[in-house]
Amino acid sequence: MDKKWLPLTITLGVAGVAVVAASVWPDDVEKPPLPQSLCHGALSRETAELIDDGQGGGEVSAGAWESKGSTTDSAVLKECHVLRAGQDGAKRRGVYKLVVEDARSASGTKNGSTPLGPGFTGWALPDRAEVTLPVGCAARMGSAAPHVRASLEVPSQDEERLYRLGEEPPVAPATATRNNVTVMREVATRLTARYDCADTG
């Protein structure tokens, strides 16, 4: 069977966007109530709204894609762009990106980063973060890799870019890091519950 991308359109709240899905993650897992969640159920709207690019605006929505990975040992690859409506409620802009993918090793540590806390393997900085799901999640999500990792990118907080432009970060680094910790803890918690793959040891 050809496992190229299979189109599936789902409405996400008022500012509906298309979701392209492939048969990589288990189809028998109950879909979350999409108006209340984003990124294939990985984030509640309330938590998704914590990350801010300083431009204000309205409701958050998301565009998500998942497909078979580019190599034979990569079965999980999911990318979700979280968007926010403009002040007029019309044009949407990307605020951050969440990627869930295969990993050969668990998240290490980054210099100057903040740990996610007890029970979570990962770290957070103002502009990015990582969390590794429990070991059992890889197989439950259809992956042959040892681990599945979620990573977060927040371009508006990129320190190198801000330095080059001579701009201040839109959100104080300590606050941005704290928000990223909350987001990644929720991603890990919700995906672990959805795929019933919590560590039992």
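Confidence first. The chain averages a pLDDT of 77, and 73% of the residues score at least 70; pLDDT is the predictor's confidence in each residue, from 0 to 100. Over residues 1–30 the pLDDT is below 50, yet this stretch has 65 contacts in the model beyond near neighbours in sequence. A contact means heavy atoms within 4.5 Å. Residues 69–75 also stay under 50, with 14 contacts beyond four places in sequence.

Ground rules. This is a predicted model, so local features need pLDDT of at least 70 and side-chain atom pairs count only at pLDDT 80 or more, while totals for chains, interfaces and linings use all residues. Residues are numbered from 1 along each chain as its sequence is written, and side-chain values use heavy atoms, with hydrogens and water left out.

Now the sulfurs. How many disulfides does a search of the whole structure find? Two, taking a pair of cysteine sulfur atoms within 2.5 Å as the criterion.

Pair one: C39 to C80, S to S 2.1 Å. The link is left-handed, with -70° about the S-S bond. C39 sits in the loop between strand 3 (37–38) and strand 4 (43–44), and C80 in strand 6 (residues 77–85), so the pair ties together parts 41 residues apart in sequence. Strands are DSSP E runs of at least two residues, helices H or I runs of at least four, both numbered from the N terminus.

Pair two: C137 and C197, sulfur atoms 1.9 Å apart. This link is right-handed, at 80° about the S-S bond. C137 is in helix 2 (residues 137–140), and C197 in the segment after helix 4 (173–194), 60 residues apart.

Counting bonded cysteines along the chain, the pattern is 1-2, 3-4.
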